[in-house]
Amino acid sequence: MEYLVIGAGGTGGCIGAYMTEAGKDVTLIARGAHLKAMQEKGLRMETTKKGNYTVYPVKASDMEHYEGHPDIIFVCVKGYSLEETVPFIRRAAKPETVVIPILNIYGTGGRLQKQLPELLVTDGCIYIAGEIKEPGCLWQNGDIFRVVFGVREPSEYRKVLEEVKKDLEESGITAVLSDHIRRDALQKFAYVSPAAACGQYYDAMAGDMQKPGEIRETFAALIHEIDVLADAMGIRFETDIVQTNLDILDSLTPEASTSMQRDVKNGKASEMDGLIFEVVRMGRQYHVELPVYEKIARKLGEIYGPG
């Protein structure tokens with residue numbers, strides 16, 4: 001199958017690198033110096049799991065010059081860049097193309113489906129610690145690399161999704177074709193949102209949250225509040241979500257941080273609204289008290305402006 005990955009950062013770039021290395025037909029959409037470096041020298045991977053190596057050549061293009069019509073489109077941009085992908089997806093997709101968003105923001109698939117009613121848009125999420133180290137080079141921190149995806153309604157299921165799962169697994173990526181993607185995507189959100197909120201509030205990295213004390217307790221409290229919110233939404237996690245996410249945190253190297261923290265630190269646009277302020281809005285929508293989220297949102301709203 002022909003794959004298109006929109007966004008070549010820590011999420012999309014790693015998917016593209018692993019799948020290209022495994023011989024899959026993948027094109028990465030990027031821009032600027034990162035795109036030029038990949039086109040000229042391939043994609044350099046620096047990892048704690050597999051060591052350092054270069055995937056060369058890689059197929060990479062910008063939106064303007066891409067002329068393919070892929071079977072599968074992975075959307076791996078930041079939440080604030082999602083809208084600009086919609087016209088491009090409409091142009092690139094054929095009627096049977098399946099779109100799989102892999103974003104940090106909960107509910108992205110459903111929102112994107114409304115804008116692309118002619119296509120099947122699933123939901124999806126990813127467990128990975130990755131980032132662009134420099135143009136043409138990605139840093140993958142830790143051993144976790146798991147993609148979870150699936151349809152929101154059983155009637156939307158297509159056999160091709162099993163082929164996607166197979167291709168990911170053959171590329172060395174743990175793939176889960178979920179039969180309850182709303183639950184599983186919210187479970188991922190229950191890690192990334194608390195990690196971003198806690199990390200930004202305390203200016204903390206993973207190592208600070210791995211130590212016993214106030215920061216770790218706050219991280220756990222935020223996860224618990226997502227668990228309470230999930231219950232109000234009619235979603236039941238099949239695991240102890242607090243312990244599960246503490247285990248994920250503890251598997252990271254101490255210097256790991258969230259992409260939102262890095263974007264804020266570098267003065268870039270960030271996903272703060274979708275990762276933090278949106279949780280407070282969801283709490284009000286479902287009449288759930290979220291005191292720790294509200295405290296953090298108040299402080300960050302005073303500094304960066306309200307969501």
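Visitor: How many helices and strands does the protein have?
Guide: The protein has 12 helices and 13 strands. Helices (H or I, at least four residues) and strands (E, at least two) are DSSP runs, numbered from the N terminus.

Visitor: And why call it as compact as a globular protein of that length?
Guide: Its radius of gyration is 19 Å, close to the 19 Å from the globule rule for 307 residues, so it is as compact as a globular protein of that length. That radius is taken over C-alpha atoms, and the rule is 2.2 Å times the number of residues to the power 0.38.

Visitor: Where do these values come from?
Guide: This is a predicted model: local features need pLDDT of at least 70, side-chain atom pairs count only at pLDDT 80 or more, and totals for chains, interfaces and linings use all residues. Residues are numbered from 1 along each chain as its sequence is written, and side-chain values use heavy atoms, leaving out hydrogens and water.

Visitor: What share of the residues is buried?
Guide: Buried residues are 57% of the 307. Buried means under 20% relative accessible area (1.4 Å probe, protein chains only).

Visitor: New topic. What order do the strands have in the open sheet of three?
Guide: The order is E9-E12-E13, with mixed pairing. Strands pair if DSSP finds at least two bridges between them.

Visitor: Which are the edge strands?
Guide: Strand E9 (123–127) and strand E13 (174–177); each pairs on one side only.

Visitor: How do E9 and E12 pair?
Guide: E9 pairs with strand E12 (residues 146–150) in the antiparallel sense, over five bridges.

Visitor: What stands opposite Gly124?
Guide: Phe149 in E12 does.

Terms used:
Buried means under 20% relative accessible area, exposed over 50%, partly exposed in between (1.4 Å probe, protein chains only).
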